[in-house]
Amino acid sequence: PRSPVDAQVTVAAVAPDLVLIELDDERLGVRRSDRQPAPSTDSASPPRGGADSLQPISFVGDGGALTWHLHAQRAVWNVEWASEVFRGMVRFDPGNEYGVRPPDGRGECGERPAGHLALVRRGAPGGELADFAYKAHLAHLSGAQALLVIDSQPQLPSSRIGPGRSLRDELRLAWRTRRCGFPPLPVLLLPKAEGERLRQMSGEVGVVGEFRALPDDYPRRTLRRRLCQGCAMLSSGIGILYGIISFFSVDIGCEFEAALNAAEARGVPCVCIDVNMNDFWGRLGSALLPTPLNIYRAARAWLAFPRVLLLFLFPPRGYIDTLGSIVLHVRAFTMRIWAAFILGGLCASLVTSGIIELFGWGGAQAVEMSGAIDEADVEDARLLLLLGLKLYLLPRVYDAVAASRDLTMLNNIVEQARSRDAKRLVAVMGAAHANGVLGLARRLAR
């Protein structure tokens, strides 16, 4: 509960040139439910400050007599057509202004047709399914090669459109569209004023729009990948832990938003330095594979455990006293927070223990069926297999979840500081990463 205040006080006291937070762009965009104003979009020049997420698009009307340019927010899946040029007549259907009515003649979902640029309004009346991806699917069936959406708010959102949908909504969308992949065409969200102007002119004089899809490193995932990651979240216990914590209305990560707000109040850039969820699960999967190198690393980690434990209990000068910090913060816990963490930890531990027990039981049964051991020794074999699994999994999970991310975050800190010529920095991250990043930084400095 004290961490948001600590973050704000630290930013105010240090007066940094750059603030860095332990999030990736996707998680930050999902967390910020409030709409943040995007940069100005009424000029041909690229806007400053966050304009890397905006897509330039130009329009020509009345046979070339009118020409104007603007910047639109793009969907996360637009990068699937990176460097491709989209050009066509802008068409707005007054009878289907929200783009949620299927076309009369359904086309085939194959290659991108060289058709028009469909223009629709954001949202839908009457609580209909009005997801950007669903509208893109219907626009593709009508022969459009891209979808332009008129925003319902005067200012564009500051992050990509498309992420942050619940799994239930994605499953519902997949059922309606019979697709588990990305939508079949790119989507751009236009500012409200410019979008209304485009709608009016497209019906009066005819307008041709053109844009080249920009490359993008914003993390994205299909429904197939999201389902796999969701199963991994549940089986690892992480999803159960965070689900129970959310059920008790305990908001974890407020310190990152507090640091971001403090940076914006001072006019200081704030950037994300953590790995995205796709990279996170990729690292975890690679770390758990029982290769000879991973087995060696697990054994070496246990040899280093006494030294790591000693440094945790008695941190050297210049490092963070993590144990003391935990004691100070625990004192501020309310009964609701205690209940959330205790219940969440118990349920998550029960699930992970059950899965490991299943592997141990299956391995012991396989050894018995092979004739290598007698039936009386099955229980001993199961316990030995469980012990071996835990001795291997614990250091490998720690390496993937904590140690490797420490190095990534330090590299991102150095890269951002150099690119922005920042001399004073504030990095807001969890206590589990702080000393790891400090140790790597001092080693790098030497």
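1. A polar contact here is a pair of N or O atoms within 3.5 Å, of which, within protein, one must be able to donate a hydrogen and the other to accept it. In this predicted model, the side chains of Arg121 and Glu196 make such a contact, at 2.4 Å.

2. Arg121 sits in strand E5, which covers residues 117–121. The residue is buried, its relative accessible area being 19%. Besides Glu196, its contacts beyond four places in sequence include Phe92, Glu97, Tyr98 and Lys135. Val149, Ile150 and Arg199 are also on that list.

3. The largest nonpolar core has 46 residues. Those touching the most other members are Phe59, Trp77, Leu147, Leu148, Val187 and Leu198. Helix H3 (residues 132–141) gives the most to this core, namely seven residues.

4. With neighbours within four places in sequence set aside, Leu198 is in contact with Phe59, Trp68, Val90 and Leu119, among others. Another core lies apart from the largest one; it has 16 residues, including Val19, Leu23, Ala262 and Val268.

5. On the cysteines: a disulfide requires two cysteine sulfur atoms within 2.5 Å, and the count by this rule is zero. Cys272 is buried, at 16% relative accessible area.

6. Cys347 is partly exposed, with 27% relative accessibility. For its sulfur, the closest cysteine sulfur belongs to Cys231, 19 Å away, so the pair is too far apart for a bond.

Definitions and conventions:
Residues are numbered from 1 along each chain as its sequence is written. This is a predicted model: local features need pLDDT of at least 70, side-chain atom pairs count only at pLDDT 80 or more; totals for chains, interfaces and linings use all residues. Side-chain values use heavy atoms; hydrogens and water are left out. Buried means under 20% relative accessible area, exposed over 50%, partly exposed in between (1.4 Å probe, protein chains only). A nonpolar core is a set of buried Ala, Val, Leu, Ile, Met, Phe, Trp, Tyr and Cys residues joined through side-chain atoms within 4.5 Å. Helices (H or I, at least four residues) and strands (E, at least two) are DSSP runs, numbered from the N terminus. Contact means heavy atoms within 4.5 Å.
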